[in-house]
Amino acid sequence: MLNLKLSHNPLIQYRPIRTSDLEVLEKIHGDLFPIRYESEFFQNVVNGRDIVSWGAVDRNRPNEQSDELIGFVTARTVLAKDSDIEEFLRYDSSRSEQTLIYILTLGVADSYRNLGIASSLIREVIKYASNIPTCRAVYLHVISYNNPAIYLYKKMSFQCVRRLSAFYFINGQHYDAYLFIYYVNGGRSPCSPLELIKLIVTGAKSGFRMVAAKLWRKEDRKPSKWSKCKESGSLLPTKHNKRMPTEGALSQFV
């Protein structure tokens, strides 16, 4: 697909992020995200300290910029027993080595959007996770108003399993988040189809009660079009539990 924001036909390739990418990586994060990451985070990314990462570059980019990052994804391995999604796994407590891959950040420079770069970066993460025998899932959080990201993850078969109330705190304001999971290596939800239907019905009934209560109080704010994840067995905002990686996952792409 030709991107009208570019003056040339891009040739996109993917590679691991290196120490030489530090400055550009910091700049793109600053341009794309509403929060600021500590310098330690970027040092960990470029040096591969507990973080895996992939970068996208445009080999046809002029002015000796053919190896400069135009997109990235960063992720971390976490133990399933220490994650906040253990309840969404058929987890065997006797196998303490079971792991998950948590996507930390994902972004594509504005002029390179709509070229499938974000999808390709996500596929790199899924492929990496699938090659780890102990890994059971890839998961991430998406801020509730990021509709393009929500659409993309659902399109790529991630399951929206929970809405987390006030998960993010940005510029003095709280925002909800959606929890998405992509199962690998036989990982799957612990719910049977019948149990999942029961949860959906229960959640829907509770959702109707919440809407009725809001109308009764004559609240003016309309509910978000993403206030429910139809695939989810947990439709209502719930408190996040256990320990989360210190960098909240954010995605910015269209």
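A search of the whole structure finds 11 salt bridges, a salt bridge being a side-chain nitrogen of Lys or Arg within 4 Å of a carboxyl oxygen of Asp or Glu. The model is predicted: local features need pLDDT of at least 70 and side-chain atom pairs count only at pLDDT 80 or more, while totals for chains, interfaces and linings use all residues. Residues are numbered from 1 along each chain as its sequence is written, and side-chain values use heavy atoms, with hydrogens and water left out.

Arg15 forms a salt bridge with Asp21, with the closest N and O atoms 2.8 Å apart. Arg15 is buried at 7% relative accessibility, and Asp21 is buried at 5%; buried means under 20% relative accessible area, exposed over 50%, and partly exposed in between (1.4 Å probe, protein chains only). Another salt bridge joins the side chains of Asp67 and Arg18 (2.3 Å, N to O). Asp67 lies in the loop between β2 and β3, and Arg18 in the loop between β1 and α1, so the pair ties together parts that are 49 residues apart in sequence.

Attention now turns to strand β5 (residues 135–143). Helices (H or I, at least four residues) and strands (E, at least two) are DSSP runs, numbered from the N terminus. In β5, 9 of the 9 residues are buried, so the strand is largely enclosed by the rest of the structure. Strand β5 pairs with β4 in the parallel sense over 3 bridges, where pairing requires that DSSP finds at least two bridges between two strands. Tyr102 stands opposite Tyr139 in β5. With strand β7, β5 runs antiparallel, joined by 7 bridges.
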